[in-house]
Protein chains: 2
Amino acid sequence: MKQTPYQLLEKRFERVQVLKSITHLLRWDAEVLMPPGSADHRAQQLTLLDTECTAILRSKKTSRLMQHAEASVAGLSGWQQANVREMRRHWQVANIMPKRLTNSLHRACTKAEVVWRRAHQEKNFRLLAPHLEKVVELVREKAHLLSSILSCTPYDALLDEYDPGNTTAELDFVLQRLAAELPGIIQHAIEKQSAFPPIEIHTPISKRKQKDLGRFLMKRMGFQFNKGRLDESLHPFTEGTAEDLRITSMFSEHDFMSGLMGILHETGHAMYDFGLPAEWFFQPVGRDRGMVVHECQALLLEMAVGRSRAFMRFSAPCVQKIFGVNGKAWEADNLYRLATRVHPGFIRMDADEVTYPLHILIRYELEKKIVAGNLRVRDLPAAWNERFKQLFGEFPPDAAQGCLQDSHWPQGYFGYFPTYALGVIMAAQLFASIRQAQPGVMDEIAEGNFAALFNWLEANIYRHGARYSRTELLRQATGETLNPARYLDYLREKYLEEN
Amino acid sequence: MKQTPYQLLEKRFERVQVLKSITHLLRWDAEVLMPPGSADHRAQQLTLLDTECTAILRSKKTSRLMQHAEASVAGLSGWQQANVREMRRHWQVANIMPKRLTNSLHRACTKAEVVWRRAHQEKNFRLLAPHLEKVVELVREKAHLLSSILSCTPYDALLDEYDPGNTTAELDFVLQRLAAELPGIIQHAIEKQSAFPPIEIHTPISKRKQKDLGRFLMKRMGFQFNKGRLDESLHPFTEGTAEDLRITSMFSEHDFMSGLMGILHETGHAMYDFGLPAEWFFQPVGRDRGMVVHECQALLLEMAVGRSRAFMRFSAPCVQKIFGVNGKAWEADNLYRLATRVHPGFIRMDADEVTYPLHILIRYELEKKIVAGNLRVRDLPAAWNERFKQLFGEFPPDAAQGCLQDSHWPQGYFGYFPTYALGVIMAAQLFASIRQAQPGVMDEIAEGNFAALFNWLEANIYRHGARYSRTELLRQATGETLNPARYLDYLREKYLEEN
C-alpha cells in the first residue's frame, strides 16, 4: 500500500531521532571517559551527525512532505496532528538558519568557551569580552531571523527555542513577583534557622560508597538500570533517551550532600525521559516538552522531594548503613537542616532553593538588554555587580564570582537561564497538586515508597510527551497556568512555618 | 577554484570515515559498559550508520566521480592513485550487494549468533544447524555475486574481503606445508619441555593490579593514552582509530598471564592503527592493509616479542613490583616457560603458538568445502571431529569443544579464519627481518626499550597504510613473499634449539 506523506515524514523523523540518540552517547562519552586528546575528532563526529540531521530536515523532499501532511491534517489523530506541529518546529529551526550563520556561531562559541575557562580562572573579564561580543553579535543576528518567522521580539524568539511558547511578558510577571517577595522570605528564614544550626559533617566518604548510596536510592525510585547508568563527571548531567539513559554526578569525599543532590536532580530528569510515551519514541511529539518542564522534573525531585523531612526519614538509615556512620549528625533531622540551609552567596550553582531565583533574575534582566542592544558586553560586569548589590546587599569580590561564573553566554545560550526559574515555579505547582491528589504521598516517601509520586507524574506529565504546550500541560495537571504564588506558599510553609 | 572529481571524492570518503569512526565507539561501548537492555536500540543505531555510509557509496554522484577520477588517474600522485584503487574496492563492496541480500544476511547472522550462544552452552549442534544453514545459503549467494565481479572462485571472493589479494592457491601452499611439519615440531617441543616443567602460579592477582601492569607496559611500548584507553570486556578486542583507540582485555584473578597476553595482542593492533599515515587518516588508502597484516601486528607483539626471554627479563621485575609478589615462580625464566608451554588442546583460543595453525587448518578446509557446496552443514560435526582426530590424535569430547567453539560462522565470517594463520607466518617473516636489520633489538627489549622494534615497524609497515598490496608490502619489508619456512625456522629455533 502506498504510504501517505505523513507516514513518509514519520520515517524521516525517525532517522533524525536515531542520529540524535547517537550524539547523546558521543557527548556522554566525551564528558565521562574519552581520552583528552580525542576532543577535536569528537567535535568532528558531532558536527557530521548534526549536518546529517539538518540535511534530512532541509531536503526539498521533507519540505514537500510537510506541506502535504499539513494540508491533510484533518484526517489525522490528535497525537498525529500534534506530531505534525512539532515536526514543523524542528523543520523551522533547521531551515531558517543559513548554514553560514550556524557555522559562524558554532565557531565563535567554541572559541569563546575555551577563552572563558582561562578568563574565569584568571578572574579577568577583559580576556573574554571581544569573544563574547562576537557571540552576541551572531546570537542577535539569529534572534532577528527567528523573530521574523515567529512574529515576536528577538529575545522571545530565543526563549521559544528552549521552552516553546515562553515569553518576556510571562517572565516579567513571574520574576517581578519573586523579586518583590523573596528578599523578605530569605531574611526571615535565615533568622529562623539561626536558632537551630545543623551539625556540620566533616567525615570523608569514599566515592564508591557515595555511588552505592546513589544507585540504591535510584533503584528505589524506579530508575531502570537495565537501560541506564550512573557515572562520575565534573558536573552532573543527564544524557540519552529512554532506550539508553545515562546520568552522572560529581563526587567529593568531603561533601557527599552535593553529590547526592546531584543524583536526585539528574534522576528527576531521567524519570521524565523514561516515562515519555514509548509508542512515539522516534517522533518529535514523543520527546519532552522543553527545558522548563525538564528542569521542573529535576527540581521537583531534588528540592521538593529530596530536601524534605520525609525523604530524609527514609534515607538517613540507608546513608548510615551504606556509609558505615552513625551519631546525631547523621540523623534525619540534621540531614534535613543541612539540605535546606538558606545561605545567600555569589555562586548560582551553590545556591539554596530560596535564593536561587534571584540569581536567575539578574541573568534574565541582563541578557534581555544585551539581545535588545541596550547593554554593551563591555558594560556587563558593572551592570551585574550593581544589580547583585541591590538584591543581595554585597558586591561580588571578583568577576569569577560575578558575571564570569557561568559558561552559558560564551556558549551562546541566551534565553536559557529563565527555564531554571520557571522550572522552580512549575515544580511547586505540581508538588501542591500531587499532595492534594495523593495526600499520603510524603508519608509513603518516608517509607521509601515512591509509587504515588511517580504514578501521578507519569499520568499527568511524562506520558503526554510534547503533545500539549507547556501552559496547557500545566493547566491540565494543576488547573492553573504558571503561578508564582504556589512557589512562595511552598517556601513559606517549608522555611517559615514548619519546625 | 573548482574542485576536481578526485577532490570531491575525497570529501565523500571523509564523511564515510567519520561515520565509521562513530560505529567504532558504539561497538566499544556495547561491549564495555552499555546497559544490557539497550542492545536492540544500539543495533538500530549501528544499522542506520551503516545505511548512511552505504548511501554515500551507492549514490549516482559517487559513481560518476569515481569514473571521472579513474579516467584522469595519470595526473595524480602515487598515494592518490592508490587511494582511487582503494576507493574502488570500498565502492564495489557497497554497490555489488543488493540491499535485500545485505539485510537478509544481517538478520540471519544476528539470529544465528543468538542461537549459537545457547547451542554452545548446551553442546547441541542440532539447535544451531537450521540457522547456520540459512547463513550459509546467503553467504554462498554473496560469494557468487562477488566472484562474478572479481573474476575468481566464490571462496576466493570471500577471502578477498578480509585480506585483499588472498587466494586459495596461496593458502593451500602455506597450510599444507604447516600440516606436514607442525606435528613433528609439536611432539619434539613437548618432549623437550617435559624435562623442565614450569612452576605453576596459583596466587590470585586483583584485576586492578593487572590493569596497572598492563598500562605500565603499554606506556613503555608507546601506547598513546592521550588518545586511547585500556578497559575490561568478556573477550579482548581493539576498536577505534588513531584519534581515539580503545583496547580491552579480559582479567581473571587466577590467570594473569591470559590477561597480559591479551593486552600485548591488542597493543599490537593498536600500535598499527596509531602508526597509520596521519595525512591520509580520512581516506581508504590511509587505513590498514587488511586483516592478515593487522593480525600479524598483534601476533608479532604477543608471540614473538611478548613470549620471549627478552621481554620476560624486562617485565618480570615490573610484575613482581606491581603485583607485590616474589619467589622463583615470578622470575623471568619461569614466566617464559609458562608463556611458551606447548599443550595441544581442543580450543583454538587457548592454543599455544605452535599448535595454533593446525586449528586454523581444520576451519579453512571445512569452510572451503561448505562454500563450494561440497559439505552440508548437518555433516559438519562429523567432518570436524574426523579431521581433528587426524591432526591432534583425539576426538573432541563434545560439540562445544568441537565445531561449536567459535562464533565466526554463525556471524557469517566465512573466509576470515585463514587471516590468523597467514598473520602468524607474516609475523615470523617480519620478526626475522627486524632482527637482521636491528641485531640489538631483543637486548634493548630486555631493558624495556621498544624503540628499535616500533621504529622498524613504523618505517616498513605502519606508514604505508593501504598503499601497497599485502604481498608487495611484505616484499618491500622482507625481500620475499609469504614464506612458511621462516615460521618453521622461528619455531625450531625457539622451541627445539634454545635452552
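Let's start with chain B. Three strands form an open sheet there, in the order β1-β3-β2, and the pairing is mixed. Look at the edges of that sheet. β1 (228–232) and β2 (237–241) of chain B stand there, each with a single partner strand, so one side of each has no neighbour in the sheet. Neighbouring strands are turned against each other by 15° on average, direction ignored.

One word before I go on. This is a predicted model. Please keep that in mind throughout.

Back to the sheet of chain B. How do β1(B) and β3 of chain B pair? In the parallel sense, over five bridges, with β3 covering residues 244–249 of chain B. Here is one pair to find on the screen. Gly228(B) has Leu245(B) in β3(B) as its bridge partner.

Helix α1 of chain B, residues 5–32, lies across β1, β2 and β3 of chain B. Its direction is at about 150° to β2(B).

Stay in chain B for one residue, Ala112(B). It sits in helix α5, residues 99–122 of chain B. Is Ala112(B) buried or exposed? The cut-off for buried is 20 or more other C-beta atoms within 10 Å. Ala112(B) has 23 C-beta neighbours inside 10 Å, so it counts as buried. What does Ala112(B) touch, once residues up to four places away in sequence are set aside? The answer is Leu128(B), His131(B), Leu132(B), Val135(B) and Pro410(B). Along the chain, Ala112(B) and Glu133(B) are 21 residues apart, and their C-alpha atoms are separated by 9.4 Å.

Over to chain A. First, the overall picture. Chain A has 20 helices and three strands. The C-alpha trace spans about 70 × 55 × 50 Å along its principal axes. What radius of gyration would a compact globule of 499 residues have? Near 23 Å, and chain A has 23 Å, so the two agree. Of the 499 residues in chain A, 42% are buried. Now take the contacts in chain A with a separation of 6 or more. Residues 24 or more positions apart account for 71% of them.

Next, the sheet of chain A. The three strands form an open sheet in the order β1-β3-β2, with mixed pairing. β1 and β2 (237–241) of chain A stand at the edges. Each has a single partner strand, so one side of each is left without a neighbour in the sheet. From one strand to the next, the twist averages 15°. β1(A) and β3 of chain A, residues 244–249, run parallel and are joined by five bridges. Arg229(A) has a bridge partner in β3(A), and that partner is Arg246(A).

Helix α10 of chain A, residues 256–275, lies across β1, β2 and β3 of chain A. α10 runs at about 165° to β3(A).

One residue in chain A as well: Thr167(A). Where is Thr167(A) found? In the loop between α7 (154–162) and α8 (168–194) of chain A. Thr167(A) has 15 other C-beta atoms within 10 Å, which means it is partly exposed. Leaving aside neighbours within four places in sequence, Thr167(A) is in contact with Asp156(A) and Leu159(A). From Thr167(A) to Cys152(A) is 15 residues in sequence and 9.0 Å in space, C-alpha to C-alpha.

Last topic: how the two chains meet. Chain A gives 26 residues to the contact, and chain B gives 26 residues. Which elements of chain A give two or more residues to the side that touches chain B? They are α1 (5–32), α2 (39–58) and β1 (228–232) of chain A. α1(A) gives the most, with eight residues. By class, that side of chain A has 11 nonpolar, eight polar and seven charged residues.

How do the copies relate? A rotation of 180°, with 0.0 Å of shift along its axis, superposes chain A on chain B, with an RMSD of 0.0 Å. That is the relation of a two-fold axis. Why do we say the copies meet through the same surface? Because 100% of the interface residues of chain A are also interface residues in chain B.

How values were computed: Residues are numbered from 1 along each chain as its sequence is written. Chains are lettered from A and ligands numbered from 1 in the order in which they are written. This is a predicted model: local features need pLDDT of at least 70, side-chain atom pairs count only at pLDDT 80 or more; totals for chains, interfaces and linings use all residues. Helices (H or I, at least four residues) and strands (E, at least two) are DSSP runs, numbered from the N terminus. The radius of gyration is taken over C-alpha atoms; the globule rule is 2.2 Å times the number of residues to the power 0.38. A residue is buried if 20 or more other C-beta atoms lie within 10 Å of its own, exposed if 12 or fewer, and partly exposed in between; C-beta atoms are placed from the backbone. Two residues are in contact if their C-beta atoms, placed from the backbone, lie within 7 Å. Ala, Val, Leu, Ile, Met, Phe, Trp, Tyr, Cys and Pro count as nonpolar, Asp, Glu, Lys and Arg as charged, and the others, Gly among them, as polar. Two strands pair if DSSP finds at least two bridges between them. Axes are lines fitted to C-alpha atoms, for helices over the stretch in contact, and angles run from 0 to 180 degrees between N-to-C directions. Copies are superposed by least squares on the C-alpha atoms of residues with pLDDT of at least 70 in both.
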